[in-house]
Amino acid sequence: MENLKNTPLLSRHQELHALLAPFGGWNMPIQYEGIIAEHKWCREMAGLFDICHMGEFLFKGDIEASGLEEVFTFSVKSIPVGRSRYGFLLNENGGIIDDLIVFRLGEEEAMVVVNAATIDNDFAVIQSRLKQGTSFTNISTATGKLDLQGPLSRQLLAEKFGPELAAIPYFKFIKTRLLGVDAIVSRTGYTGELGYEIFLPAEKVAELWDLLLADQRVKPAGLGARDVLRLEVGYSLYGSDIDESTTPMEAGLGAFVNLDKEFIGREALRKQQQTGLSRVKAAFQVQSRRSPRHHYEICFEGETVGTVTSGVFSPMLGCGIGIGYVQPEIATLGAQVTIRHEKVSMEASVVELPFYKGGSLRS
């Protein structure tokens with residue numbers, strides 16, 4: 001535990017008797033009251049997540065002249081100011097170095113938000129692809145981030161900070177002042193519910209955490225509930241479901257790739273598109289309450305055809321759910337597979353994503 005990084009909220013988590021564990025090089029809260037209770041609260045009320053471990057980079061300059069336009073699988077210059085866009089940073093083979101979101105802060109200013117475990121590598125890769133002299137800064141340490149997620153999140157933020165926060169559309173954000181400092185409030189998240197990501201100086205995170213938790217409609221939620229929430233709506237987790245050996249096409253995320261623009265990895269993806277995929281991501285629903293786990297085998301007609309990359313018990317569906325990679329012909333809706341691990345065996349059916357369709361995300 002000595003080498004793990006801590007967020008500014010470590011003492012708050014300890015006071016709440018959170019279960020802390022390593023995640024992406026950080027000492028993070030996995031649960032407080034319990035994963036199922038926190039999941040339920042987020043689906044029905046509002047859950048508060050410490051996401052200060054995520055990385056943030058600040059770009060300033062000419063988007064095209066700097067080379068930033070060719071770094072990601074999407075166009076940065078076409079993002080309107082005040083909007084954000086999800087996509088990928090790829091290697092030459094089309095493998096996913098990271099999935100990320102770019103926030104267009106101004107005509108010549110953008111913030112890149114990346115996963116915790118990949119901060120240093122992402123920064124080095126992006127910087128290496130930019131022209132010399134471009135202003136590109138790692139502001140992760142100075143930046144705090146809280147996610148307020150759940151159907152009551154809009155009402156809560158509007159009551160505490162003003163009605164302009166209630167007017168933010170999905171995947172848009174505003175620059176504002178919170179607790180006397182500059183902040184960004186974005187209508188984005190990772191739960192499938194109506195929610196907001198709040199960026200502000202790291203030294204102000206504890207004050208905002210305390211303010212929000214003082215409301216009885218808000219409860220803290222850990223990474224355990226976050227994992228169940230995101231899998232129920234089919235979101236991929238970097239390091240489990242996607243990584244440098246996986247392409248966006250294999251992961252069913254081709255919608256976030258613009259093959260009409262230049263970016264590193266484009267030719268590999270075009271070739272893959274022409275030759276066809278040898279494996280694809282498949283979602284499956286277990287015919288019992290048993291939970292599939294990471295690395296369990298996926299079997300079809302007695303043969304092992306893949307492995308589970310993510311699996312949990314879904315409180316919303318009352319059964320086990322999971323995703324993994326198999327041959328395209330097996331990833332057909334209704335296909336019957338068996339999930340196995342040592343003496344554990346469970347029958348499952350291939351289904352479409354998302355597993356859970358009743359969230360308040362676009363409310």
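**Figure 1. Lining of the largest cavity in the predicted model.** The lining residues divide into eight nonpolar, no polar and no charged. They are Ala-282, Ala-283, Phe-284, Ile-298, Val-326, Ile-330, Val-337 and Val-350. Strand β14, residues 280–286, gives the most to this lining, with three residues. The volume of the largest cavity is about 50 Å³. Searching the whole structure finds one cavity of 30 Å³ or more.

**Figure 2. Buried residues of helix α6.** Helix α6 spans residues 205–213, and its buried residues are Val-205, Ala-206, Leu-208, Trp-209 and Leu-212. These residues lie on the same side of α6, because they cover an arc of only 160° around the axis. An α-helix has 3.6 residues a turn, so residues three or four places apart point the same way.

**Figure 3. Packing partners of helix α6.**

**Figure 4. Setting of the close-ups in the protein chain.** Eight helices and 19 strands are present in the protein chain. Its radius of gyration is 21 Å, close to the 21 Å that the globule rule gives for 363 residues, so the chain is as compact as a globular protein of that length. Along the principal axes, the C-alpha atoms fill a box of roughly 60 × 50 × 45 Å. Of the 363 residues, 56% are buried. Among contacts with a separation of 6 or more, 66% are between residues 24 or more positions apart.

Technical notes. Residues numbered from 1 in each chain as written. Predicted model: local features only at pLDDT ≥ 70, side-chain atom pairs only at ≥ 80, totals over all residues. Heavy atoms only, no water. Buried < 20%, exposed > 50% of the residue type's maximum accessible area, 1.4 Å probe, protein only. Helix = DSSP H or I, 4+ residues; strand = E, 2+ residues; numbered from the N terminus. Arc of directions from axis to C-beta. Contact = heavy atoms within 4.5 Å. 1 Å grid on protein atoms, 1.4 Å probe; cavity = no way out; pocket = protein on both sides within 12 Å on 5 of 7 lines; lining within 4 Å. Points joined across faces, edges and corners; volume = space filled by probe spheres on them. Nonpolar A, V, L, I, M, F, W, Y, C, P; charged D, E, K, R; others polar. Rg over C-alpha atoms; globule rule 2.2 N^0.38 Å.
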